[in-house]
Amino acid sequence: MIVPEKAREMLSAYQVDPCTKEDSTVAIILVQPSTHGYLARADLLVQRFVDSKLVEKVVDFGHACYHTRFNQAPFNTYDSLLVGICSSIGGLLLINDSVLTDEKLMLLRADLDNRLSYTWIMKTPIFTRTLAIVEGGFNLVFRQRVFNAAKALGIRLVVLDGPDHWLRDPTLAHLIQEFIPIDSTVDEGLPNRIVTALRGYKMNIEGITSFTDSYLVPTAQAAKVLGLPSPPALAFLNAVDKCETRKRTGDPSLAIPTSESEDLHPYLSLVESKMEFPLIVKPSRGGGSEGVLKVHNCSELSQAVQKVALTHPGTVLVEQYVDGPEVDANFVLLNDQILFSEVADAFPCSAETSTRHLGGSFLETSTFLPSGLNKGEIDLIRSTLHRVLLKLGFRSGVFHIEARVRNSAMQYVKCKEGITDLIQKSPSPSLEPSAFIIEVNARCPGFQSSSAAANVYGIDYYGLQMLIALQDHERAIVLSTPFSNSIQYWSQLLFIPATRGGVFASGNIWFELKSRRPDLAQYLSNCQCFYQRGDVIPDPTSGILRWIGSCLVRSEVSRTHALELAQTIEKEVRYELQ
């Protein structure tokens, strides 16, 4: 196969050998805009064609703020092919099985329609913007998607964090525009330190945001002083402080102060007289399911309050335990209106099934996308949680909310296949269902859930949070468009929790699994192993809860098939602790 030099360069990007034998088939689809304009994000094809079963490799030709031109010329000569390449936003190398049939072309056309049937060419010019991010993240794995989205959207990132942060590594300097070291201690002085640092910065800061709960309030306070767009600090406080959230949802609860001089007995007596067991005891401010305990009697209640107070000083919240399916609901809000929302099933965790005294934990074990609840209950969750966000004081942003369905028509049952799943109750509950808010996180969902949503729906929460922080509403609206078929596949986000502490004595758990069970590799995406050989894993009894790893298990067949695969994969994971 003889090709011109420019076409040869394009093929090399796909690692295609232009000297391959004549009877082989190399099919590349060039994606061209149907009008002049500006590409909404530079990595559009890579972002929307993840896990496509028809495409072997995807390459985007554009860059941030890229201006596209419409080309009507047919590709019937080498010269016209070169013009076509130059006017394309990118290309797709199809799976090479030597025969390109009409049926496969029809499947490809349907796949293209599913992934690209929205307005991804903007009429108005896109300019590079500068965004400040307070708190740089735990490590590169947990922030890579933020950096990728910023680059694709033409956003320069200025990160503020402690002087010893990993982003100060010179080899990582290309990821961001600037790192500004500050005292990042969360205290009353933090907003002023943020303001001072940004006022002294050489470039104009056009927006500010944070992806970390403990920094949301001080970031909003700093934004107000700097005159930058942000929801009010009070709205973030209402979400971060679970006692404040409870006041606005109206569900029964009691806030117990835990200072050393405080006598807990009157509070405990009040709980016993006003609320019914089982109850949930948890820190008013906290995250990662740490310090959350389920209690069944007065003795456990007293012990749980004291235990939480030791590890999480401040106010302890006691609330009713709601026995209903738990969900994770994610929202993209703009000027009070929902641009996008989705509901996922949070499967029962060990604390819900344990019979031991204060046993188990509420650390997530698996989440299923999309939810298996009926449409009525999903609509109920969506409308109720939307009202709660507005009541807390939010008008725009990306939000991750954990909730339960009271009096749900569905329940978790171990089915014949040995898997646990939601099934219809019989008889149906006599009371109407309602949504019970567990917590409101006024930022993107965590790394794993955000990655899963990008695969399943084609939605990048990190990019949307940054666009909304910069008030780039036009692109936020466009990029909140999911796949036309709603979902790409059924998927279970599987977490492998650390059941005990010790020294991690294995390699990457997913490399090992794929090597030993290659038949399962095709069903795995977003595999992450959070520990390396020699790392120390804290014991869960210390109150510090950690995952060994996570992955997204996918199926284009059915929900049941995805659950069966996830069950098999979970059993096949191997690792050693010393």
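**A tour in chat**

Reply: Let's start with a strand pair: strand 22 (residues 490–497) and strand 26 (residues 547–555) run antiparallel and share eight bridges. Strands here are DSSP runs of E with at least two residues, helices are runs of H or I with at least four, and both are numbered from the N terminus. Two strands count as paired if DSSP finds at least two bridges between them.

Me: Before we go on, what kind of model is this, and what are its cut-offs?

Reply: This is a predicted model, where local features need pLDDT of at least 70 and side-chain atom pairs count only at pLDDT 80 or more, while totals for chains, interfaces and linings use all residues. Residues are numbered from 1 along each chain as its sequence is written, and side-chain values use heavy atoms, with hydrogens and water left out.

Me: OK, back to the strands. Which residue in strand 26 stands opposite Phe495?

Reply: That's Ser550.

Me: And what order do the strands take in that open sheet of eight?

Reply: The order is 21-18-15-16-17-22-26-24, and the pairing is antiparallel. Strand 21 (434–441) and strand 24 are the edges, each pairing on one side only. From one strand to the next, the twist averages 25°. For angles, axes are lines fitted to C-alpha atoms (for helices, over the stretch in contact), and values run from 0 to 180 degrees between N-to-C directions.

Me: Let's pick a residue. Is Thr367 buried or exposed?

Reply: Thr367 is buried, because its relative accessible area is 2%. The cut-offs are under 20% for buried and over 50% for exposed, with partly exposed in between, using a 1.4 Å probe and protein chains only. Thr367 belongs to strand 17 (residues 366–369).

Me: What does Thr367 touch?

Reply: Setting aside residues up to four places away in sequence, Thr367 touches Asp328, Ala344, Asp345, Ser491, Gln492, Leu493 and Phe495. Contact means heavy atoms within 4.5 Å.

Me: Switching topic: which strands make up the parallel sheet?

Reply: Four strands form that open sheet, in the order 9-8-7-10. Its edges are strand 9 (178–181) and strand 10 (207–209), each with pairing on one side only. Strand 8 (residues 155–161) pairs with strand 9 over four bridges, and Val159 has Phe179 in strand 9 as its bridge partner.

Me: Which helix lies across those strands?

Reply: Helix 6 (residues 190–199) does: it lies across strand 7 (129–134), strand 8, strand 9 and strand 10, at about 135° to strand 8.

Me: Now the inside. Which residues touch the most other members of the largest nonpolar core?

Reply: Trp120, Ile155, Leu157 and Met466 do, in a core of 71 residues. Helix 15 (residues 461–469) gives the largest share, seven residues. A nonpolar core is a set of buried Ala, Val, Leu, Ile, Met, Phe, Trp, Tyr and Cys residues joined through side-chain atoms within 4.5 Å. There's also a second, separate core of 31 residues, which includes Phe394, Met410, Leu422 and Ile437.

Me: Where do Phe142 and Phe530 lie?

Reply: Phe142 lies in helix 5 (residues 140–153) and Phe530 in the loop between strand 24 (524–529) and strand 25 (536–537), so the pair ties together parts 388 residues apart in sequence. Phe142 counts as partly exposed because its relative accessibility is 22%, and Phe530 is partly exposed too, at 23%. Ring pairs link Phe138, Phe142, Phe447 and Phe530 into a cluster.

Me: Last one: which ring does the charged end of Arg559 sit over?

Reply: The ring of Phe368, 4.4 Å from its centre. That label needs NZ of Lys or CZ of Arg within 6 Å of the ring centre and within 35 degrees of the ring normal. Arg115 lies over the face of Phe483, at 5.4 Å from the ring centre.

Notes:
Rings of Phe, Tyr and Trp (its six-membered ring) pair if their centres lie within 6.5 Å; planes under 30 degrees apart count as stacked, over 60 as edge-to-face and the rest as tilted.
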